[in-house]
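Read it alongside the sequence and the coordinates.

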Amino acid sequence: MQFDDLLTEQRNHRSTHIDRESTLEMVATINREDHRVARAVQKQLPQIAAAIDAAYPLFDQGGRLIYVGAGTSGRLGVIDATELQPTYGLSGEQTFGLIAGGTDALTHTVKAAEDSVELAQNDMAGVDLTDKDVVIASAASGQTPYTLAALKYAQDHGAVGIGFSCIEGSPLSELADYAITPVVGPEIITGATLLKAGTAEKMVLNMLSTGIMIKTGKVYQNLMINVVPTNDKTFERAKKIIAEATQTSTLAAERALERSDNNVPLAIVLIETKGTIAEAKSLLEATGGHVSQAVKLNDSQH
């Protein structure tokens, strides 16, 4: 498919006169188009769920979550990987993003980089891929050479490939093990895929990474429990999380946190099971660190 023929590059008849609209009319037009994004993503929920179900066991076994892309798509991937680290207590080795052109491309346009197959192969060769890794490749058009080459290299080396694009039947969707393709239609400003396509990608990446974190025990109820207390602020946050998770006082939460050597999941299991530190540790070890499963296992044993 020629680039100019792509749906993401077509003119949007609903915004043809946006330059003549009042400011309120303009933002209303943009908002109406954004509603279409949510509906397009909704149609892809089965595909998103399938990708999560394929990815989380690998991540749970020590695999990594690696994002690849160029331009806007690459930047959004780097953002998702970066934000996962403090939110869920991950290291930069467990999840990271690769963008065509490297770190310079985060703040500057590096045009030639997105067309380079060799650059993609070199970037992927530098991360020592394994069959436990999950690579999320994103390209609105579904045909960016850097992104396609990176995904193929990853799959050739045993990694699971998830492909995000906004074009049905694109090379990326055909290549990916799990294709997620919300068709958002023409952009409000012709060809500006930082708009609807970018919004769709952010929504999908949020679902993918959040789902993987929930499934791998980084969330208890709806609380992020892998916060590591390193200063007064994070210590107070940890106490609040423990207190809310266990419906107890912050004083009881503080005592449990001290007994568990500042380990939030262990403190929660300690309170929820009303056992000893040794018993709480044993439950977490038996369930691979999953608090929900540890509490459930304790209940089944009593």
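Threonine 144 sits in the loop between β3 and α5. The model is a predicted one. Threonine 144 has a relative accessible area of 14%, so it counts as buried. Leaving aside neighbours within four places in sequence, threonine 144 is in contact with Ala70, Glu114 and Ala139.

UniProt, in an unreviewed entry, places the feature "active site" at Glu83 and Glu114. The two span 32 residues in sequence, and their C-alpha atoms are 23.9 Å apart, so they do not gather at one spot. Of these residues, Glu114 is included in the lining of the largest pocket.

Glutamate 83 lies in helix α3, residues 71-88. Glutamate 83 is partly exposed, at 48% relative accessibility. Glutamate 114 belongs to the loop between β2 (95-99) and α4 (117-125). Glutamate 114 is also partly exposed, with a relative accessible area of 31%. Not counting residues up to four places away in sequence, glutamate 114 touches Ala70, Ala100, Thr144, Pro145 and Tyr146. Ala70 is in contact with threonine 144 and with glutamate 114.

Glycine 101 is found in the loop between β2 and α4. Glycine 101 counts as partly exposed, at 28% relative accessibility. Beyond four places in sequence, glycine 101 touches Val110, Ala113 and Leu119. Glycine 101 and glutamine 143 are 42 residues apart in sequence, and their C-alpha atoms are 17 Å apart in space.

Phenylalanine 96 is in strand β2. Its relative accessibility is 17%, so phenylalanine 96 counts as buried. Phenylalanine 96 and threonine 82 are 14 residues apart along the chain, with 6.6 Å between their C-alpha atoms. Outside four places in sequence, phenylalanine 96 is in contact with Arg64, Leu65, Ile66, Tyr67, Ala81 and Val127.

The accessibility values of the residues discussed so far are collected here.

| Residue | Relative accessible area | Class |
|---|---|---|
| Threonine 144 | 14% | buried |
| Phenylalanine 96 | 17% | buried |
| Glycine 101 | 28% | partly exposed |
| Glutamate 114 | 31% | partly exposed |
| Glutamate 83 | 48% | partly exposed |

The largest nonpolar core has 33 residues, of which Leu65, Ile162 and Leu208 touch the most other members. The elements that give two or more residues to this core are α1 (23-42), α2 (45-60), β1 (65-69), α3, β3 (134-138), β4 (160-164) and α7 (196-215). Helix α7 supplies the largest share of this core, 7 residues. Apart from neighbours within four places in sequence, leucine 65 is in contact with Phe59, Leu84, Gln94, Thr95, Phe96, Val134, Ile136, Ser209 and Ile212. There is also a second, separate core of 26 residues. Among its members are Ile241, Ala267, Val269 and Val291.

β4 pairs with two strands named here. β3 and β4 run in the parallel sense, over 5 bridges. Alanine 137 stands opposite glycine 163 in β4. From β3 the chain crosses through helix α5 (residues 145-156) to β4, and this β-α-β crossover is right-handed. β4 also runs parallel to strand β5 (residues 178-180), joined by 3 bridges. Phenylalanine 164 has isoleucine 180 as its bridge partner in β5.

One further record concerns a longer stretch of the chain. For "domain: SIS", UniProt lists residues 55-218 in an unreviewed entry. Over residues 55-218 the chain is 43% helix and 14% strand. The end C-alpha atoms of that stretch are 15 Å apart.

Technical notes: Residues numbered from 1 in each chain as written. Predicted model: local features only at pLDDT ≥ 70, side-chain atom pairs only at ≥ 80, totals over all residues. Heavy atoms only, no water. UniProt positions renumbered as here; feature names shortened; annotations may be inferred. 1 Å grid on protein atoms, 1.4 Å probe; cavity = no way out; pocket = protein on both sides within 12 Å on 5 of 7 lines; lining within 4 Å. Helix = DSSP H or I, 4+ residues; strand = E, 2+ residues; numbered from the N terminus. Buried < 20%, exposed > 50% of the residue type's maximum accessible area, 1.4 Å probe, protein only. Contact = heavy atoms within 4.5 Å. Core = buried A, V, L, I, M, F, W, Y, C linked by side-chain atoms within 4.5 Å. Pairing = 2+ DSSP bridges. Right-handed = clockwise from strand over helix to strand, strands pointing away.
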